[in-house]
Amino acid sequence: MKLTEQEWRQSLSDEEFRVTRQKGTERPFTGELLNNEALGDYVCRCCGEKLFDAEDKFDAGCGWPSFSAQSAEKNVEFHQDNSHGMQRVEIVCKHCDAHLGHVFNDGPQPTGERFCVNSASLSFNKSTE
């Protein structure tokens, strides 16, 4: 999914644009989905592709929604990120290249992964079951 910068600006809030298109980070403990405990699917704010299942969300205490795995659809890609003097692994949406956050190897078993995601890069589709 390729849109121009102007098209992205028209479809996203200023904060969503800054986070998803400019690789920004929202302030910790401020995201609207941080404390969401409902069942459903977490999807890309930009293109709507499924990224995470609510069953894999956990409280990491880091200030951002955290997941122990990506969804079965495998719509998350990994990129090396050496910005800000750190070596991290950036996670982006495979379909629209939206910046989601970073993945770390300090999560719960069985994956050992912690997908640390900005709420501004996600939408939530509540389960009807």
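These legends accompany several close-up views of a predicted model. Residues are numbered from 1 along each chain as its sequence is written, and side-chain values use heavy atoms, with hydrogens and water left out. Because the model is predicted, local features need pLDDT of at least 70 and side-chain atom pairs count only at pLDDT 80 or more, while totals for chains, interfaces and linings use all residues.

**View 1. The largest nonpolar core has 21 residues.** Here a nonpolar core is a set of buried Ala, Val, Leu, Ile, Met, Phe, Trp, Tyr and Cys residues joined through side-chain atoms within 4.5 Å; buried means under 20% relative accessible area, exposed over 50%, and partly exposed in between (1.4 Å probe, protein chains only). Look for Leu-51, Phe-52, Ile-91, Phe-115, Val-117 and Leu-122, which have the most contacts inside this core. At least two core residues come from each of strand 1 (40–44), strand 2 (50–53), strand 6 (88–93), strand 7 (99–104) and strand 8 (114–117). Strands are DSSP runs (E, at least two residues), numbered from the N terminus.

**View 2. Leu-51 and its neighbours.** Leaving aside residues up to four places away in sequence, Leu-51 touches Tyr-42, Val-43, Cys-44, Gln-70, Ser-71, Asn-75, Val-76, Cys-93, Leu-100 and Leu-122. Contact means heavy atoms within 4.5 Å.

**View 3. Lys-126 in strand 9 (residues 122–126).** Lys-126 counts as exposed because its relative accessibility is 61%. Not counting residues up to four places away in sequence, Lys-126 touches Ala-38, Leu-39 and Gly-40.

**View 4. Strand 6 with strands 5 and 7 on show.** Two strands pair if DSSP finds at least two bridges between them. Val-89 of strand 6 makes a handy landmark: Gln-80 stands opposite Val-89, and Val-89 stands opposite Val-103 in strand 7.

**View 5. The hairpins on either end of strand 6.** Between strand 5 and strand 6 there are 6 residues, and in this hairpin His-84 takes a positive phi near 55°. The hairpin of strand 6 and strand 7 has 5 residues between the strands, and there Asp-97 takes a positive phi near 65°.

Notes:
Helix = DSSP H or I, 4+ residues; strand = E, 2+ residues; numbered from the N terminus.
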